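Please read the numbered points below with the model open beside you. They go through one structure, a few residues at a time.

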Amino acid sequence: MTLLVVAALAVMVAAATGSWLLVTLAAVLAVVLGAAATKITHSELLASRRDAARDRAEQAQAYRRMTEERAAENQQFIETMNAKLEDRQRIVADLEAALAAAHQRAAEAIRARGDEARRAAQAERNGEAVQAKLDEAEARAAEAILRVSELEQELDVVRAELDAERAAHTAWRNTQSA
């Protein structure tokens with residue numbers, strides 16, 4: 001800008017003097033100073049474009065790193081959720097097996113109680129020893145029934161947790177695919 005002002009002043013002063021030689025020299029000076037000003041402006045423009053391009057490249061690299069980190073975090077989350085689901089499924093299977101075994105023991109205890117009741121009815125005439133066996137069989141049957149009930153409740157709780165984790169995993173997948 002300063003170069004153009006100096007060139008304009010030189011031309012005005014030369015024109016005011018009325019000398020064609022001074023006007024011609026002032027005009028040549030004005031063209032040279034204008035070219036220099038244009039070159040400086042062009043150089044600054046190129047430098048600002050290079051700076052902007054470098055900034056965009058750095059920003060793109062930062063976004064790439066952030067995307068890689070997010071992808072790694074998502075993969076880790078998926079692996080964690082899959083491990084939790086597998087653990088819950090294993091627990092459910094174990095509890096179902098334990099429940100089946102408890103049902104079997106309860107059925108055996110009930111059969112034993114029935115057998116003892118029949119024997120007790122037969123042996124009621126024989127004394128109180130049989131009554132003690134009957135009481136013991138009933139106690140075992142009651143314990144087996146109680147254990148079955150506890151296992152059923154525990155299985156219900158674990159199934160509810162598994163359903164909740166599956167729902168959370170499904171919701172997460174839906175947000176990731178959206």
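1. L9 counts as partly exposed, because its relative accessibility is 46%; the classes are buried for under 20% relative accessible area, exposed for over 50%, and partly exposed in between, with a 1.4 Å probe and protein chains only. L9 is found in helix α1. Helices here are DSSP runs of H or I with at least four residues, numbered from the N terminus.

2. A word on the source: this is a predicted model, in which local features need pLDDT of at least 70 and side-chain atom pairs count only at pLDDT 80 or more, while totals for chains, interfaces and linings use all residues. Residues are numbered from 1 along each chain as its sequence is written, and side-chain values use heavy atoms, with hydrogens and water left out.

3. Helix α1 covers residues 2-17, which is 16 residues. From its first C-alpha to its last it reaches 23 Å, close to the 22 Å expected; the expected span is 1.5 Å times one less than the number of residues. After α1 comes G18, with a positive phi near 85 degrees.

4. L9 also belongs to a nonpolar surface patch, together with M1, V5 and M12. The accessible area of the four together is about 460 Å², by the Shrake-Rupley method with a 1.4 Å probe, where only the protein chains shown count as cover for residues. Patch members have over 30% relative accessible area and no salt bridge, and nonpolar side chains (Val, Leu, Ile, Met, Phe, Trp, Tyr) are joined within 5 Å, like charges within 9 Å.

5. Which residues touch the most other members of the largest nonpolar core? They are V92, L95, L99, V148, L151 and L155, out of 14 residues in that core. Helices α2 (20-123) and α3 (129-177) each supply at least two of the core's residues. Such a core is a set of buried Ala, Val, Leu, Ile, Met, Phe, Trp, Tyr and Cys residues joined through side-chain atoms within 4.5 Å.

6. L99 is in contact with V148, L151, E152 and L155, leaving aside neighbours within four places in sequence. Contact means heavy atoms within 4.5 Å.

7. Is H169 buried or exposed? H169 is buried, because its relative accessible area is 4%. This residue of helix α3 touches M81, N82 and L85, not counting residues up to four places away in sequence. E116, in helix α2, is also buried, at 13%. With residues up to four places away again not counted, E116 touches K133, L134 and A137.

8. There are nine salt bridges, a salt bridge being a side-chain nitrogen of Lys or Arg within 4 Å of a carboxyl oxygen of Asp or Glu. In one of them the side chains of E161 and R88 meet at 2.6 Å, N to O. E161 lies in helix α3 and R88 in helix α2, so this pair ties together parts 73 residues apart in sequence.

9. R88 also meets E165 in a salt bridge, at 3.3 Å, N to O. That pair links R88 in helix α2 with E165 in helix α3, 77 residues apart. E165 is buried at 16%, whereas R88 is partly exposed at 22%.

10. R111, in helix α2, counts as partly exposed at 49% relative accessibility. Its C-alpha atom is separated by 67 Å from that of M66, 45 residues apart along the chain.
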